[in-house]
Amino acid sequence: MDSQEVRERYRDFFVRRGHKALPSDSLVPRNDPTLLFTSAGMVQFKPYFRGEMGDALKRATTCQKCFRTSDIENVGFTHRHHTFFEMLGNFSFGDYFKREAIRWAWEFSLEELKLDPNRIWVSIYKDDEEAAELWEKEAGFPRGRIVRFGVEDNWWPGPG
């Protein structure tokens with residue numbers, strides 16, 4: 001399976017679950033003076049997360065081109081630090097949260113990508129007991145393969 005097929009399967013998977021497929025936004029965010037570059041898939045949706053758009057959109061999915069420099073000193077030294085990459089994302093604006101996101105991530109990994117479940121590890125925010133329980137109960141995921149990261153290694157910290 002090539003990268004284009006992964007993108008298409010991801011988009012189609014979430015469209016079947018009620019998401020609106022949107023194109024990648026600009027690498028230079030429009031109407032956002034807080035960022036020089038789009039560094040994450042959620043950047044174009046900041047007004048939705050802040051509640052500024054009302055109920056105009058409940059669910060979205062994208063393959064967003066991103067440019068990140070905040071951890072540039074790690075580029076080339078690890079397998080997970082890059083400056084330019086595409087981020088596949090599924091977004092909910094008050095419509096669903098962890099339970100559905102976890103269930104769908106697991107379904108996509110096994111059913112669409114046909115990944116071997118015994119080779120998958122899950123990372124969560126260090127204090128997120130709810131996510132750990134949902135991975136274990138909703139996906140039947142073994143707790144021994146759920147790893148916890150703090151703010152230095154997890155860019156999407158839990159509540160707080």
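**Salt bridges**

Guide: Lysine 58 is partly exposed, at 34% relative accessibility (buried is under 20% relative accessible area, exposed over 50%, partly exposed in between, with a 1.4 Å probe and protein chains only). This is a predicted model, where local features need pLDDT of at least 70, side-chain atom pairs count only at pLDDT 80 or more, and totals for chains, interfaces and linings use all residues. Residues are numbered from 1 along each chain as its sequence is written, and side-chain values use heavy atoms, with hydrogens and water left out.

Visitor: What does lysine 58 form a salt bridge with?

Guide: Aspartate 55, with the closest N and O atoms 3.8 Å apart. A salt bridge here is a side-chain nitrogen of Lys or Arg within 4 Å of a carboxyl oxygen of Asp or Glu.

Visitor: Is aspartate 55 buried or exposed?

Guide: Aspartate 55 is exposed, at 66%.

Visitor: How many salt bridges in the whole structure?

Guide: The search finds 18.

Visitor: Where do aspartate 128 and lysine 98 lie?

Guide: Aspartate 128 lies in the loop between strand 4 (122-125) and helix 4 (129-139), and lysine 98 in helix 3 (residues 98-112), so their pair ties together parts 30 residues apart in sequence. Helices (H or I, at least four residues) and strands (E, at least two) are DSSP runs, numbered from the N terminus. The closest N and O atoms of this salt bridge are 2.8 Å apart.

Visitor: And their relative accessible areas?

Guide: Aspartate 128 is buried at 11%, and lysine 98 is buried at 14%.

Visitor: Which residues do shared partners join into one network?

Guide: Glu129, Glu136, Arg143 and Arg148.
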